[in-house]
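Please look over the sequence and the structure shown here. The paragraphs after them go through the fold in steps.

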Amino acid sequence: MTPARRAWSATRARLTTTPITLRLARSDDVPLLEALIPLSARALQAATYSPAQIEGALGTVFAVDRQLIADETYFVAERDSEMVACGGWSRRKTLFGGDRGRSPLGDSLLDPNADAARIRAFFVHPAYARRGIGRLMMSACERAAAGDGFRALELVATLAGEPLYAAFAFQVVERYDVALANGLSLPVVRMAKALAPR
Ligand SMILES: CC(C)(COP(=O)(O)OP(=O)(O)OC[C@H]1O[C@@H](n2cnc3c(N)ncnc32)[C@H](O)[C@@H]1OP(=O)(O)O)[C@@H](O)C(=O)NCCC(=O)NCCS
């Protein structure tokens with residue numbers, strides 16, 4: 001085996017065997033999250049939205065929500081200490097979007113006995129797409145929301161996100177368009193599911 005082939009074999013073995021770990025996001029992750037979100041959106045939404053729609057949504061619809069980090073309901077997925085994805089859930093009313101322009105009403109707390117917890121802001125690094133990281137984060141969110149007493153989940157999905165949530169048995173509630181700051185609109189889908197009783 002040549003040295004180059006041996007080096008590639010070692011790299012490939014590391015790529016396939018190094019585990020992905022989840023941890024709660026911290027406020028000092030924000031700069032990395034702000035880099036990861038556009039990278040993910042521009043690559044993984046290219047089949048469902050135009051570049052102008054994606055750019056119009058970045059910074060507002062696709063953006064960091066520091067409240068989730070403060071609430072300790074936002075996860076970061078890492079491999080070898082490198083951030084490869086983020087996503088979380090929420091016990092607050094807001095359904096989507098970053099810090100900018102959120103209404104105080106959106107910050108109000110949900111009632112686990114009457115309301116559905118939110119699933120929020122999943123973004124996977126394009127190099128790690130379709131390796132089960134979305135699934136890993138969804139399972140962690142479902143467990144955490146159920147542990148908080150919630151009996152249902154709700155979310156507003158991008159068209160790129162819809163297949164992941166459908167795989168978790170979310171049902172479509174409605175399809176609608178979100179108005180973007182650049183005058184365009186973004187088709188999204190509101191989805192919901194009941195959580196199995198614990
Ligand atoms: C949506 C997203 C988070 C999915 O993450 P992921 O790590 O690639 O998803 P997973 O590998 O865990 O996929 C789990 C299942 O979801 C479904 N799925 C995910 N991506 C899919 C795709 N592009 N096409 C079809 N099905 C898909 C499949 O059922 C998949 O299971 P399988 O691979 O065994 O068939 C990722 O594509 C992403 O970051 N997209 C850009 C940002 C975005 O739009 N986020 C959603 C915000 S609501």
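Two strands are said to pair if DSSP finds at least two bridges between them. Helices (H or I, at least four residues) and strands (E, at least two) are DSSP runs, numbered from the N terminus. This is a predicted model, in which local features need pLDDT of at least 70 and side-chain atom pairs count only at pLDDT 80 or more, while totals for chains, interfaces and linings use all residues. Residues are numbered from 1 along each chain as its sequence is written.

Strand 7 (residues 185–194) pairs with strand 5 (residues 152–157) in the antiparallel sense, over 6 bridges. In this pairing, Glu-154 stands opposite Ala-192 of strand 7. Strand 7 also runs antiparallel to strand 6 (residues 171–179), and 8 bridges join the two. Here Glu-174 stands opposite Arg-190 in strand 7. Strand 6 and strand 7 form a hairpin with 5 residues between the strands, where Gly-183 takes a positive phi near 90 degrees.

Next comes the loop between strand 2 (74–79) and strand 3, which holds Asp-80. Ser-81 has its place in the loop between strand 2 and strand 3 as well. Most residues other than glycine have a negative phi. Asp-80, however, has a positive phi near 55 degrees, and Ser-81, not a glycine either, has a positive phi of about 65 degrees. Asp-80 counts as exposed because it has 10 C-beta neighbours inside 10 Å. Ser-81 has 6 such neighbours inside 10 Å, and so counts as exposed.

Strand 3 (residues 82–90) contains Val-84. Val-84 has 21 C-beta neighbours inside 10 Å and therefore counts as buried. Contact between two residues means that their C-beta atoms, placed from the backbone, lie within 7 Å. Apart from its neighbours within four places in sequence, Val-84 is in contact with residues including Ile-20, His-125, Tyr-128 and Ile-133. Ile-20 is 64 residues from Val-84 along the chain, yet their C-alpha atoms are separated by 8.6 Å.

Which residues touch the most other members of the largest nonpolar core? Such a core is a set of buried Ala, Val, Leu, Ile, Met, Phe, Trp, Tyr and Cys residues joined through C-beta atoms within 7 Å. Of its 44 residues, these are Ala-85, Cys-86, Phe-123 and Met-137. Strand 4 supplies the largest share of this core, 6 residues. Beyond four places in sequence, the contacts of Cys-86 include Ala-25, Leu-33, Leu-36, Ala-121 and Phe-123.

Gln-53, in helix 3 (residues 51–57), is another buried residue, because 21 C-beta neighbours lie inside 10 Å. Not counting residues up to four places away in sequence, Gln-53 touches Leu-180, Leu-184 and Leu-186.

A residue is near a molecule if its C-beta atom, placed from the backbone, lies within 6 Å of it. The ligand is surrounded by 21 residues, and the closest are Leu-44, Gly-134, Arg-135, Gly-161 and Pro-163. Two or more residues of this shell come from each of helix 2 (30–44), strand 4 (117–124), helix 5 (133–147) and helix 6 (162–167).

Note on methods: Buried ≥ 20, exposed ≤ 12 C-beta atoms within 10 Å, placed from the backbone.
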